[in-house]
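Student: I have not looked at this structure before. Can we go through it step by step?

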Amino acid sequence: MHTAPAMDKISGHDVLFVMAVDAEYGPHLRRRISPLMTGVGPIEAAVVLTGALAALRHADRLPDLVVSLGSAGSPSLAQAQVYQVGAVEYRDMDASALGYAKGETSFLQLPVRVPLPHRIPDLPAASLATGGSVVSGAAYDGIEAEMVDMETFAILRACQSFGIPMIGLRGISDGVSEVRQLSDWTQYLHLVDERLAEAVDLLAQALERGLISKPGV
């Protein structure tokens, strides 16, 4: 049985923040939130978050909101800037041989690109494609979404299975030049940390104004 994770109380709401690894969890975020760490990739994100939410449901403590946050790659968006996820897709899924559109999961009846309805005012939104690989250079040519990560779609599916709303926040860590080594990803993480923390502050203000209502409210 998974242990129920700690949640943060943000403007009267129980919020579960979800991140992949400590490298993205810098001093600015550490002063604000205590996230659930899942590890890297869609499989780890789905397994760890589903177990955590099951434990919280068993304790009758499901969060009011889940926030997926961390880094992302993009060849077109401003490096080190933060964007909220306007819509997310699963770039690894390809059942086109069976007549499905690329990115559409067979029998699931979800669109290829799933919109996220909850938005933080004054924070730009961008589309996101989740997959199990690091995207670099020419690999971006086959991806229509504006940014890529390795966890958000899996986190969304876990949230959907428990009926919990989700917001995605991603800071652009790489993408303009080809990723050849670890430092090509980590070089902007200190700025991403600072700007994700600012986005968390905007989230708190939005919750205070009633952007997300508690269940039954």
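Student: Leaving aside neighbours within four places in sequence, which residues is L16 in contact with?

Tutor: This is a predicted model, and contacts here are heavy atoms within 4.5 Å. With the neighbours within four places in sequence left aside, the contacts of L16 are P5, A6, M7, L36, L49, L53, L56, P63, L65, V66 and V67.

Student: How many residues has the largest nonpolar core, and which have the most contacts inside it?

Tutor: In soluble globular proteins, nonpolar side chains tend to be buried together. Here the largest nonpolar core holds 31 residues. Those with the most contacts inside this core are L16, L49, V66, M147 and I155.

Student: Which element supplies the largest share of this core?

Tutor: Elements that each supply at least two residues of this core include β2 (13-19), α2 (42-58), β4 (65-73) and α3 (152-162). β5 (82-90), β7 (125-130) and β9 (166-174) also each supply at least two. The largest share is seven residues, and it comes from α3.

Student: What residues does the second, separate core include?

Tutor: The second core is separate and has 23 residues. Among them are I10, I120, L196 and V200.

Student: What span should α2 have at 1.5 Å a residue, and how far apart are its end C-alpha atoms?

Tutor: α2 has 17 residues. The expected span is 1.5 Å times one less than the number of residues, so α2 should span 24 Å. The end C-alpha atoms of α2 agree with this, being apart by 24 Å.

Student: Which residues of α2 are buried, and what covers them?

Tutor: Buried means under 20% relative accessible area. In α2 this holds for P42, A45, V48, L49, G51, A52, L53, A55 and L56. What covers these buried residues includes β2, β3 (36-37) and α3.

Student: What is the reach of helix α5 from its first C-alpha to its last?

Tutor: Helix α5 covers residues 189-208, which is 20 residues. At 1.5 Å a residue, 28 Å is expected. The reach of α5 is close to that, at 28 Å.

Student: Which residue just after α5 takes a positive phi?

Tutor: α2 is followed by D60, with a positive phi near 60 degrees. Just after α5, a positive phi of about 95 degrees is taken by G210.

Student: How many bridges join β2 to β4, and what is the bridge partner of L16?

Tutor: β2 and β4 run parallel and are joined by four bridges. L16 is bridged to a residue in β4, and that partner is V66.

Student: Over how many bridges do β4 and β9 pair, and what is the bridge partner of V67 in β9?

Tutor: β4 is mostly covered, with nine of its nine residues buried. β4 pairs with β9 in the parallel sense over eight bridges. In β9, the partner of V67 is I167.

Student: Is S127 buried or exposed?

Tutor: S127 lies in strand β7. Not counting residues up to four places away in sequence, S127 touches A87, R113, A145, E146 and M147. The relative accessible area of S127 is 8%, and the limit for buried is under 20%, so S127 is buried.

Student: Where does pLDDT stay under 50?

Tutor: The mean pLDDT of the protein chain is 90, and 96% of its residues reach 70 or more. One stretch, with five contacts beyond four places in sequence, stays under 50: residues 213-217.

Terms used. Residues are numbered from 1 along each chain as its sequence is written. This is a predicted model: local features need pLDDT of at least 70, side-chain atom pairs count only at pLDDT 80 or more; totals for chains, interfaces and linings use all residues. Side-chain values use heavy atoms; hydrogens and water are left out. A nonpolar core is a set of buried Ala, Val, Leu, Ile, Met, Phe, Trp, Tyr and Cys residues joined through side-chain atoms within 4.5 Å. Buried means under 20% relative accessible area, exposed over 50%, partly exposed in between (1.4 Å probe, protein chains only). Two strands pair if DSSP finds at least two bridges between them. pLDDT is the predictor's confidence in each residue, from 0 to 100.
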